[in-house]
Amino acid sequence: MSQTNPAPVVTLTIAGSEATGGAGAQADLKTFQELGVYGVAALTCIVSFDPKDNWNHRFVPVEPQVIADQLEAVQTCHPLETVKIGMLGTPATIDTVATALKSQPWRNIVLDPVLICKGQEPGAALDTDQALKAHILPLASVVTPNHFEAESLSGMSINSIEDLQEAAKRIHEFSGAVVVAKGGIRLEGENAVDVYYDGTTLELLSAPKVGDVAVSGAGCTLAAAIAAELSKGATPLDAARTAKAFVTRAIQNRLSSHAPFDAVWQGGAAGTSA
């Protein structure tokens, strides 16, 4: 590389594959590319929507040894400081990922705490949720729960912005992580409001709602954008602000398909970054 073309920062996502491209590792890698970082991925599971069953999830976990092999290759190949974690899916996967994370120091571990996978049995989902809270959440430097996940992690109902602020504070208190709690379209009002809290600074991240239906990949994209900005040296607050603007633009640019939901499109959204 010449001095006019410096090598990009390498950023890792550990996430599932979602074949239609709207979410998971596919969304993460597109976000990384748009924000100017070199994205690498270790796949934890394969999720495919079933058009014959109301577009519900079909969930297939990747074998733990295969996940470990991917992480061994990535961690040996690249000098990594930042990782974004998405869907893990099983306690065995969580154990494997936790072991890999602990094998080296990290500057930034961004956790999008996917607590529910619609392709799992309820008992399996509960086991996964408990393992995630016990083994991955304590390692996270930033956590980005959606409305449901923030309720689960905080142990409280969230019906207002004030509730979301309190939930963010509770999650920070027991995790120590910077919290970006997503209210999105779930809360009443004209704006999609998320809450940033780092133990000192409490800030509302607000943008006009784009429709009143959730768009596939918005949460993945927000967390991936935070990871990308952190990997480039941004502060957590600046990373969250940039990510909010980026995902808002990605929702505005959303892609329709034969599925009964739209998906974010990250193309062009990087123009909002700082």
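Me: What makes β4 and strand β5 (residues 108–111) count as a pair?
Reply: Two strands pair if DSSP finds at least two bridges between them. β4 and β5 share four bridges, in the parallel sense, so they meet that rule. At one point K84 stands opposite V110 in β5. Strands here are DSSP runs of E, at least two residues long; helices are runs of H or I, at least four long; both are numbered from the N terminus.

A note on the source. This is a predicted model, where local features need pLDDT of at least 70 and side-chain atom pairs count only at pLDDT 80 or more, while totals for chains, interfaces and linings use all residues. Residues are numbered from 1 along each chain as its sequence is written, and side-chain values use heavy atoms, without hydrogens and water.

Me: Why is V142 called buried?
Reply: Its relative accessible area is 4%. Buried means under 20%, exposed over 50%, and partly exposed in between (1.4 Å probe, protein chains only). So V142 is buried. V142 is found in strand β6 (residues 142–143). Leaving aside neighbours within four places in sequence, V142 is in contact (heavy atoms within 4.5 Å) with residues including I109, V110 and L111.

Me: What makes α1 oblique to α7?
Reply: Helix α1 (residues 24–34) and helix α7 (residues 218–231) pack at an angle of about 40°, with axes 9 Å apart. Axes are lines fitted to C-alpha atoms, for helices over the stretch in contact, and angles run from 0 to 180 degrees between N-to-C directions. Under 35 degrees is roughly parallel, over 145 roughly antiparallel, 65 to 115 roughly perpendicular, and the rest oblique. Therefore α1 is oblique to α7. The contact includes A27 and F32 of α1 and A224 of α7.

Me: Why do β3 (56–61) and β9 (202–208) count as edges?
Reply: The open sheet has nine strands, in the order β3-β2-β1-β4-β5-β6-β7-β8-β9, with mixed pairing. β3 and β9 each have a single partner strand, so one side of each lacks a neighbour in the sheet.

Me: What angle does α7 make with β4?
Reply: α7 packs on the sheet, and its direction makes about 175° with that of β4.
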